[in-house]
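Hi,

Here's the structure I said I'd pass on. Have a look at it first, and then read my notes below.

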Amino acid sequence: MSRTTHATSRIDRRTLLLAGGTAVAASAAGWGAGTGPRSATAAPPAGVHTASRRLPGGTNRPVGTGTTLEAASAFPGGTGYRRMRPGPAWPAVVRTDLADAGGGRDARRTPLGCFVQFTDLHVVDVQSPLRYEYLRGQTASAWRPQEALSVAGAVALVERVNALRGGPNTGLPVSFVMTTGDNTDNNSSIELDWFLAVMSGGRITPNSGDPRSYEGVQDSGLELYWHPGSGLRDADKRAGFPRIDGFLDAALRTVHSPGLSVPWYSTVGNHDRLPGGCYAAGDPVLAGFVTGSRKLESLPGPEGAALWKAVRKGRDPQGEIFKDVLRRYAGRMRTVTLDERRAPYTPKEYVARHLQERWAGKGPAGHGYTAANLESGRMYYTFAVAEGVVGVSLDTTDAGGHYEGSLGTAQLRWLERTLERHADASVIVFSHHTSTTMRNLHPDPARPGETRHGGDEVVALLHEHPCVAAWINGHSHRNRITPHRHPDAARSFWEISTASHIDDPQLVRVVELADNHDGTLSLFTTLIESAAPYRTDFGDLSQTGLAALYRELAHNAPGARPGKAGEPGDRNTELLLKKP
């Protein structure tokens, strides 16, 4: 049975839509504002609203203030460029795949913890010579019309978290934010500084190379890219994209981040550890190219197709095919201003930068990483989520190359010992890769004799330990919540995968955990968008105006895959599971 068929039948049989505290049965497959065409057989459930909900202690407060329980972006209209508007709320869905929902649990439950997950921010230096925008014809992720605004978009997300009044289901204040990797786009030092300033607060000038002008593909004269400030009839303008004079100048202006008002933790992803997100680190040719003065902006279609196939299939983890392309097409490269700040950073430099006092923000020092991580070079750790709840942050990136992940034996054994040590707690595991994208078993160049382990082995290990409540991750750029069942119900757990904040629909999650005092726990997941306004104005190139455009441009990006928001059961949920 396909996942789509399974998910649809699961929602029809086993979910309830919460409507003002009353459960309303509905068929919810494929419905949601702003997610592209609806399923031909689905319609919005009639009468669903989420205006208020009774919380522990008898208090009433608005549900989801600033969340998609209150409103979500929508894009009414047909073909062509679609303008963003506020749309209807997304309903909350109770999922009983792993445990039944007992009556009266709302009045009985004890809140345990509340936090926010960021993932795949991809804070990006759009002028970097190492970027492969010329593969846009092969994959929409090679270049996006909105990505010059990634810093403004990320800051608006920080502003949204700072404005949250607490968890919409438990009322607990948000205690921390966890980023689950791909915080940067291209393993670049300048991107790392920008990311840290977004999270901890500071001024960011999202410009590299020439400090006075833009030197990227959006003024190249090539029709492959949107040229917002010119009359060129590029491919995006033919698809309805607007002309916005002054856009590129505005995109390079200094942005101010207030920094998160709560502590934050950091998990590493493949774009953080690997040049291009897919090539083994430490290559001097790639390091010299990214800090140099030549940039490739176009490639013949057959060459692009061959290069992308090698990347997608994991056939070029050392970047040899990529470097050969750069050598052969050196004569058609553009001259740009070299910038040493674009240099790749090592794992130890990543940890050391997190430990710097200027990036301390609201803490904790190192944002999960410690002096021991710095000394060992290991990028995995544990931390306290709440009393009786332990977080485990993994490093699922394979240093041998390729964008999929795995764990080395040393880390897998560390994870096993960690779960044994916290058998009496509830454990939440964080990683960048999902269980289905951990299929890359290239050996780590630093540990050539060490076996690599894929997602199936990690799932099997987590099943051995009833303390595991959830595995939270990103990487796939889509919302998906997967129940991992075990014959012993107490050994089942939820996998919660969340969409990227660089691609549509640019969502992150509030996660809340509660004890229902009936032998079950509830994990609540609630999606939030940034603080940017829903309505955009092409004449408003302020920081706020650019953050709004960031979301609208992402929705309209040609070639972007639909459905990344997931089904209703992958969005705002209550996930039931047995207590061990």
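This is a predicted model: local features need pLDDT of at least 70, side-chain atom pairs count only at pLDDT 80 or more; totals for chains, interfaces and linings use all residues.

Strand 8 (residues 110–118) and strand 23 run antiparallel and are joined by seven bridges. Strand 23 also runs antiparallel to strand 24 (residues 520–528), with eight bridges between them. There, Arg-509 is paired with Leu-527 of strand 24. Four residues sit between the strands in the hairpin of strand 23 and strand 24, where His-517 takes a positive phi near 55 degrees.

Is strand 23 buried or exposed? Eight of the eight residues in strand 23 (residues 508–515) are buried, so the rest of the structure largely encloses it. In a regular strand, side chains alternate between the two faces of the sheet. Here, Val-508, Val-510, Glu-512 and Ala-514 point one way, while Arg-509, Val-511, Leu-513 and Asp-515 point the other way.

Next, a loop. Asp-570 lies between helix 15 (543–556) and strand 25 (573–578). Asp-570 is buried, because its relative accessible area is 0%, and buried means under 20%. Its side chain reaches the backbone nitrogen of Ile-481 at 2.9 Å.

Last, the second largest pocket, which holds about 460 Å³ of space. Among its 23 lining residues, Arg-273, Ala-399, Asp-444, Ala-446 and Arg-447 are the closest to its centre. Helix 11 (347–355) and helix 13 (409–421) are the elements that each give two or more residues to the lining. By type, the lining has nine nonpolar, six polar and eight charged residues.

Cheers

Terms used
Residues are numbered from 1 along each chain as its sequence is written. Side-chain values use heavy atoms; hydrogens and water are left out. On a 1 Å grid over the protein atoms alone, a cavity is a set of points where a 1.4 Å probe fits but cannot get out, and a pocket is an open set with protein on both sides within 12 Å along at least five of seven lines; lining residues have an atom within 4 Å of a point. Grid points are joined across faces, edges and corners, and a volume is the space filled by probe spheres set on the points. Ala, Val, Leu, Ile, Met, Phe, Trp, Tyr, Cys and Pro count as nonpolar, Asp, Glu, Lys and Arg as charged, and the others, Gly among them, as polar. Buried means under 20% relative accessible area, exposed over 50%, partly exposed in between (1.4 Å probe, protein chains only). A polar contact is a pair of N or O atoms within 3.5 Å; within protein, one must be able to donate a hydrogen and the other to accept it, and residues adjacent in sequence count only if both atoms are side-chain atoms. Two strands pair if DSSP finds at least two bridges between them.
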